[in-house]
Amino acid sequence: VLMYVFLLFGPVQQLTGAAASFGQALPAAERILELAELEGEPGAGSQCSPDGTAGDTLVFGDVTFSYPGASVPTLVGLTCEFGPRGVHVIVGPSGAGKSTLLGLATRFRDATTGHIRLGDQDVRGLTPADVRKKVGLVDQESFVLEGGVAECLRYGSPGATEGDLWAALDHVHLGATVRARPGQLDAPVGLRGLGLSGGERQRLAIARALLREPSILVLDEAGSGLDAEGERLLNLILQEQGRLRTVIVVAHRLSTAVAADRVYLLAGGRLQAAGHHDDMMRISSQYAAMVSTQRAGLFAA
Ligand code: ATP
């Protein structure tokens with residue numbers, strides 16, 4: 001664990017402001033502990049069955065959340081349902097509470113009031129580790145990786161066979177790239193030298209999450225850095241995964257929202273509107289304004 005803390009914190013400091021703000025919402029050290037499959041905060045629910053019966057629907061019921069010591073709540077009266085299956089995209093201005101929502105979905109934080117259900121179970125009845133077996137998180141720090149391809153993939157799934165690794169790589173359209181590399185599964189993925197590109201590392205992080213076969217895949221999309229082909233592949237992977245499981249994405253790209261089954265506009269900690277992109281353009285002037293002011297395919301901050 002300490003090695004990964006060390007490896008992660010250097011590169012993380014070089015990341016964009018968007019990544020840094022996500023780090024505020026989900027403490028990096030907690031995520032690293034989670035990767036090592038240790039129990040994270042909060043601790044309630046540890047008496048519950050390790051397997052649970054949670055399904056592939058995530059429901060927020062009148063959820064309000066305040067950070068400790070904060071004078072105003074970050075999320076207010078949030079009621080929404082993600083799944084079963086499909087690609088669900090959350091958009092909103094900076095500080096809207098998008099990352100905080102993901103923190104609640106993965107039980108790095110608990111709702112102050114209201115309830116969050118995974119299938120028919122309240123997440124408070126599951127341990128944080130159990131929730132994260134069902135809800136696989138890929139955030140902007142989890143694709144800052146070092147080491148070889150297999151080493152990165154097996155982190156969190158130590159028993160995965162080579163066949164499992166290749167299948168996961170194929171799911172994220174990285175199989176051909178890795179097969180063409182000297183060393184193949186041992187090829188380096190690091191930030192420097194001959195490693196993978198930022199977009200490829202992000203897809204590798206998705207592959208790592210998929211190896212754990214989550215019912216719900218949660219992705220915090222990078223704010224920038226994907227070329228057109230990387231963007232096309234990411235959207236394709238999200239569509240493919242959306243047929244198999246519930247996919248929730250905090251999106252900064254217009255193309256991700258356009259391709260989604262459902263878009264949720266969050267602003268000021270409240271859900272302002274939800275629906276397909278085409279409907280959102282009609283029913284939400286705030287969404288239409290965000291779309292019209294987007295630059296180079298990215299929603300304005
Ligand atoms: P961005 O698009 O910039 O990442 P966001 O919509 O993801 O923004 P959050 O990161 O969830 O927004 O932050 C929502 C609010 O909660 C902000 O006002 C932020 O300053 C505050 N906040 C986030 N993390 C913490 C924390 N650990 N402690 C206190 N306040 C926090």
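Analyst: Start with the helix on the sheet. Helix H4, residues 98-105, lies across E1, E2 and strand E4 (113-118). H4 runs at about 120 degrees to E1. Axes here are lines fitted to C-alpha atoms, for helices over the stretch in contact, and angles run from 0 to 180 degrees between N-to-C directions. Contact means C-beta atoms, placed from the backbone, within 7 Å. Helices (H or I, at least four residues) and strands (E, at least two) are DSSP runs numbered from the N terminus.

This is a predicted model: local features need pLDDT of at least 70, side-chain atom pairs count only at pLDDT 80 or more, and totals for chains, interfaces and linings use all residues. Residues are numbered from 1 along each chain as its sequence is written.

Now the sheet itself. Four strands form an open sheet, ordered E2-E1-E4-E5, with antiparallel pairing. Strands E2 (75-82) and E5 (121-122) stand at the edges with a single partner strand each, so one side of each has no neighbour in the sheet. Two strands pair if DSSP finds at least two bridges between them. E1 (residues 58-65) and E2 pair over five bridges, in the antiparallel sense. Within that pair, valine 63 stands opposite leucine 78 in E2.

Isoleucine 90 is in contact with Lys98, Leu101, Ile248, Val250, Ala251, Tyr264 and Leu266, leaving aside neighbours within four places in sequence.

Residues 24 or more positions apart account for 73% of its contacts with a separation of 6 or more.

How values were computed
Two residues are in contact if their C-beta atoms, placed from the backbone, lie within 7 Å.
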